[in-house]
Amino acid sequence: MPAHLAGAMAAASAGLYTERLKHGRLGRAGLSHVNTHDSVFLKKFSLIILFLLTLTVILILFARHLNHLLPHELTAEAQAQIDARIAPVGAVFAGDEGVAQQAAATAAQQAAGAADAAYGGTLDGKVIFDQLCTACHTAGVGGAPKLDAAGIGARVAQQGLEELVQKATEGFTGTTGVMPARGGNPAITDEQMQKTVEWMVEQSK
Ligand code: HEC
């Protein structure tokens, strides 16, 4: 840029500056080009601010209105759901009291489990046999071995106790008929099957 041009521009902006000083905020508004521009801007700007303020108030009122529509009393159902969500998942057992509590909890769990197991969870082979197995094994239905030396007695002599227990538990199709798994009651535990077959073998001597 040539030096004389730069000088002219500097002079022009200095002039504008003095002009602003003369007619600035305190000067006679409207006379200066800059002042007109400023007041138009201010007018629009305050309109926008006013609009935004109004919008804010409207939004606040609207939110209050929505809030009033919501139920604020907890229903029993909602309270129960909250309780379930924040219920502790475990418990800490400490000291003598803790040991007693733990024993009680284990006992309660076992009692609940026993109720689920077949025939109250009994390990008395006779009880289970009399309620289920007798249906086939007393009369020999479908060739079911009876509780005598020729029936179960002969089978245990041939195969041994463990094999009888396993086959009776898993079920099998033999030469004469079908022995359903666990006599047809899947709720009977392995231990209960063991005890029942042992009892059957005991009766067959
Ligand atoms: C629906 C009839 C039926 C019921 C109920 C039944 N069984 Fe059997 N079971 C059979 C038949 C049939 C056989 C013989 C199948 C064959 O050898 O052909 C048999 C065979 C057996 C054997 C001999 C297994 C072997 O290896 O030879 C045992 C042990 C036995 N059952 C135990 C039980 C017990 C315990 C129950 C009750 C929990 C039970 N059964 C309930 C029909 C039944």
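Helices α5 and α8 are roughly perpendicular to each other, because their axes cross at roughly 90° and angles of 65 to 115 degrees count as roughly perpendicular. Keep in mind that this is a predicted model.

**Stop 1: the α5–α8 crossing**

Select α5, residues 125-137, and α8, residues 190-203. Their axes come within 8 Å. Now show the residues in contact. On the α5 side, pick Gly-125, Lys-126, Ile-128, Phe-129 and Cys-133. On the α8 side, pick Gln-192, Lys-195, Thr-196, Glu-198, Trp-199 and Met-200. Color them by class: five are nonpolar, three polar and three charged.

**Stop 2: along α8**

Stay on α8. This helix has 14 residues. From first C-alpha to last, α8 reaches 20 Å, close to the 20 Å expected at 1.5 Å a residue. Which residues of α8 are buried? Select Gln-192, Met-193, Lys-195, Thr-196, Val-197 and Met-200. Gln-192, Lys-195, Thr-196 and Met-200 are among the α8 residues that meet α5, and they are also buried. The cover over the buried residues of α8 includes α5, α6 and α7.

**Stop 3: α6 against α7**

Move on to α6, residues 149-159, and α7, residues 161-170. Their axes come within 7 Å and cross at roughly 110°. That makes α6 and α7 roughly perpendicular to each other, too. From α6, select Arg-155, Val-156 and Gln-159.

**Stop 4: the ligand**

Center the view on the ligand. Around the ligand are 30 residues. Which of them come nearest? Cys-133, Cys-136, Gly-174, Gly-177 and Gly-183 do.

Now see what builds the shell. At least two residues each come from α5, α6, α7, β2 (178-179) and α8. The most come from α5, which gives six. By class, the shell has 15 nonpolar, eleven polar and four charged residues.

**Stop 5: the whole chain**

Zoom out. The protein has eight helices and two strands. Along the sequence, the pattern is α-α-α-α-α-α-α-β-β-α. Of the 205 residues, 12% are buried. Last, look at contacts between residues at least 6 apart in sequence: 56% of them join residues at least 24 apart.

Notes. Residues numbered from 1 in each chain as written. Predicted model: local features only at pLDDT ≥ 70, side-chain atom pairs only at ≥ 80, totals over all residues. Axes fitted to C-alpha atoms, helices over the stretch in contact; angles between N-to-C directions. Helix = DSSP H or I, 4+ residues; strand = E, 2+ residues; numbered from the N terminus. Parallel < 35°, antiparallel > 145°, perpendicular 65-115°, else oblique. Contact = placed C-beta atoms within 7 Å. Near = placed C-beta within 6 Å. Nonpolar A, V, L, I, M, F, W, Y, C, P; charged D, E, K, R; others polar. Expected span 1.5 Å × (residues − 1). Buried ≥ 20, exposed ≤ 12 C-beta atoms within 10 Å, placed from the backbone.
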